[in-house]
Amino acid sequence: MENAGPARAAAASPPAPDGPVWRFLIQPRWLGWHLLMVVSFWGMLWLGDWQFHRALAGNGLSWAYTFEWPLFAGFAVVFWAKTIRDEFRIRRGEMPDPRQAAAEAERLPAGVTGSVQARAVQAGPGPAGEEEDEELSAYNAYLARLNAEVKDHGRWHGLR
Amino acid sequence: MRAAVLRYRVMAYVTGVVLMVLCFVGIPLQVAGYPAVAHYVGVVHGILYIIYLLCAWQLARMLRLAAKPTLIMLLAGTVPIMTFIVERWVTRRFINPALDGGSGQAQPAARVVR
């Protein structure tokens, strides 16, 4: 699914990176995330170990936490891996950038939504083949979301 | 999609209520010298929180949320009252638009994906 019509070109325009895509992983911002990740992973394992020793010492309730903390640690790793995988996809243009979309929705004045909607309608019955439907519909849903966000933009402004 | 939303919502409220019981009933009782409530409710919350994590995570993937809102959603289950606030926020900002997009937009949208 290389080119998904006009929709894709308009939607995902990630800043063209210099050099290989993985470079973003060593940006300071991402290094911070990696650090947080490592600290929280080992921190949670340590908490699990601590609960394990408490459990051995006779605190029966600690058994639950003994298994819970490593589970959370594993979950953190899954979260981290998926986030990085998504970021790769966004940067390769295989996926629209949700943050960019949110930022754009905030910047656009109310009048601009009309054109965004029009584009969605055009894209709908367009020359897209059967196999493009899925992506297209995902994109349409995404446009609708943007539209709705612009419409009730403001009330929850502080919470994001 | 709707099923995932329902699961997330149910778990958000259940986890939120149990966490409030833990924090506003269990902990004061523990401080007063009756630790039993806090202990058992604590374990229950721990188990519920795991289920909440799975439901919230699944919904976040479906909505294709960015890392930050996803993290807010997941961690809300550990802060008293936050689940309710975050559930309202997620509904308004992500769930409702996505559901509208699934039914109101161009025809192909209604059929596939969500």
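In helix 3 of chain A, the buried residues are A:Ser62, A:Tyr65, A:Thr66, A:Glu68, A:Trp69, A:Phe72, A:Asp86, A:Glu87 and A:Ile90. Here a residue is buried if 20 or more other C-beta atoms lie within 10 Å of its own, exposed if 12 or fewer, and partly exposed in between, with C-beta atoms placed from the backbone. Helices (H or I, at least four residues) and strands (E, at least two) are DSSP runs, numbered from the N terminus. The model is predicted, so local features need pLDDT of at least 70 and side-chain atom pairs count only at pLDDT 80 or more, while totals for chains, interfaces and linings use all residues. Residues are numbered from 1 along each chain as its sequence is written, and chains are lettered from A and ligands numbered from 1 in the order in which they are written.

The buried residues of helix 3 of chain A pack against helix 2 (28-56) of chain A and also against helix 2 (36-62) of chain B. Helix 3 of chain A covers residues 62-91, and its 30 residues should span 44 Å at 1.5 Å a residue; the end C-alpha atoms are 44 Å apart, so the two values agree. The expected span is 1.5 Å times one less than the number of residues. Also in this helix is A:Trp80, which counts as partly exposed because it has 18 C-beta neighbours inside 10 Å. Just after helix 3 of chain A, A:Gly93 takes a positive phi of about 80°.

Turning to each chain as a whole, chain A has 6 helices and 0 strands, and 24% of its 160 residues count as buried. Chain B has 5 helices and 0 strands, with 37% of its 114 residues buried. Two residues are in contact if their C-beta atoms, placed from the backbone, lie within 7 Å. Among contacts between residues at least 6 apart in sequence, 70% in chain A join residues at least 24 apart; the corresponding share in chain B is 56%.

Helix 3 of chain B (residues 67-75) has B:Pro69, B:Thr70 and B:Met73 buried. These three cover an arc of only 105° around the axis, which puts them on the same side of the helix; the arc is that of the directions from the helix axis to the C-beta atoms. An α-helix has 3.6 residues a turn, so residues three or four places apart point the same way. In the loop between helix 2 and helix 3 of chain B sits B:Arg64, whose phi is near 55°, a positive value in a residue other than glycine. B:Ile81, in the loop between helix 3 and helix 4 (82-104) of chain B, likewise has a positive phi, near 70°. B:Arg64 is partly exposed because 18 C-beta neighbours lie inside 10 Å, and B:Ile81 is partly exposed with 13 other C-beta atoms within 10 Å.

A nonpolar core is a set of buried Ala, Val, Leu, Ile, Met, Phe, Trp, Tyr and Cys residues joined through C-beta atoms within 7 Å. In the largest, which has 27 residues, B:Tyr8, B:Tyr52, B:Ala56 and B:Leu59 touch the most other members. Two or more residues of this core come from each of helix 6 (133-151) of chain A and helix 1 (2-31), helix 2 and helix 4 of chain B. Leaving aside neighbours within four places in sequence, B:Tyr8 is in contact with B:Cys55, B:Ala56 and B:Leu59. A second, separate core of 5 residues includes B:Val18, B:Leu19, B:Leu22 and B:Val41.
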